[in-house]
Amino acid sequence: MDSWLWWVGGALVLAVVEMLTLDLVFIMLAGGALAGAATAAAGGPVWLQFVVACVIAVLLLAGLRPWLLSNLRRREPLVETNAAAQVGRLAVVLAEVTETGGRVKLSGEVWSARLPDDGVPNSTGRVPEGTEVRVVAIDGATAVVQPVASPTGPAADDGGRAV
């Protein structure tokens, strides 16, 4: 069997691994393997095949990959998913929310919730049941919320917390 087929087989394996990782490293290595295949097909010795494969792979990794990554990041806006996608959404308080705990209904699910830490020990910030709040962060499985300012809602005090 010709040695160029081994290089092409290796390039295909690296391309499959790239499809699983999507980090544009293994496809650059596959490009190096294809360069090694071209060298083998041209009748180059084995040591030259490896040198060409390594040089081309390094050039692709150092030259092409950074350019591709910057273009991909510029063209595709980052879409938050899972818990990070909940930040900014509105929720309704089901059980009074304080700096230590509470419950909210967020996107049809019941989440544990708390108010953001304002740095004041024994703060009395409370959000009563039925109040509309906005998620400002997700801390593990807990939504960090603040009341939504509304003209008909409860009076706001202490940094926007309902009293």
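Helices here are DSSP runs of H or I with at least four residues, numbered from the N terminus. Keep that in mind, and let's go. One caution before the tour: this is a predicted model.

Start with the loop between the helices α1 and α2. Helix α1 covers residues 3-21, and α2 covers 26-41. Leu24 sits in the loop between α1 and α2. Leu22 is in that loop too, between α1 and α2.

Now look at the backbone. Most residues other than glycine have a negative phi. Leu22 is not a glycine, yet its phi is positive, about 55°. Leu24 is not a glycine either, and its phi is positive as well, about 60°.

So which of these leucines is buried, and which is exposed? Take Leu22. Its relative accessible area is 69%, and exposed means over 50%, so Leu22 is exposed. Now Leu24. Its relative accessibility is 17%, and the cut-off for buried is under 20%, so Leu24 counts as buried.

Next, the record. An unreviewed UniProt entry lists residues 12-34 and 46-68 under "transmembrane region". How far apart are the end C-alpha atoms of each span? For residues 12-34, the ends lie 9 Å apart. That span is 83% helix and 0% strand. For residues 46-68, the ends lie 31 Å apart. Here the span is 100% helix, again with 0% strand.

On to the strands. Strand β1 is residues 90-95, and strand β4 is residues 132-139. These two run antiparallel, joined by three bridges. Strand β2, residues 103-106, also pairs with β1. That pairing is antiparallel too, over four bridges.

Which residues does Val92 face in β4 and β2? In β4, its bridge partner is Glu132. In β2, Val92 stands opposite Lys105. And a general point while we are here: in a regular strand, side chains alternate between the two faces of the sheet.

Last stop, Ala149. Find it in the loop between β5, residues 142-147, and β6, residues 156-157. Is Ala149 buried or exposed? Its relative accessible area is 75%, which is over the 50% cut-off, so Ala149 is exposed. Now compare Ala149 with Arg134. They are 15 residues apart in sequence. In space, their C-alpha atoms are 9.7 Å apart.

Definitions and conventions
Residues are numbered from 1 along each chain as its sequence is written. This is a predicted model: local features need pLDDT of at least 70, side-chain atom pairs count only at pLDDT 80 or more; totals for chains, interfaces and linings use all residues. Side-chain values use heavy atoms; hydrogens and water are left out. Buried means under 20% relative accessible area, exposed over 50%, partly exposed in between (1.4 Å probe, protein chains only). UniProt positions are given in the numbering used here, feature names are shortened, and annotations may be inferred rather than shown by experiment. Two strands pair if DSSP finds at least two bridges between them.
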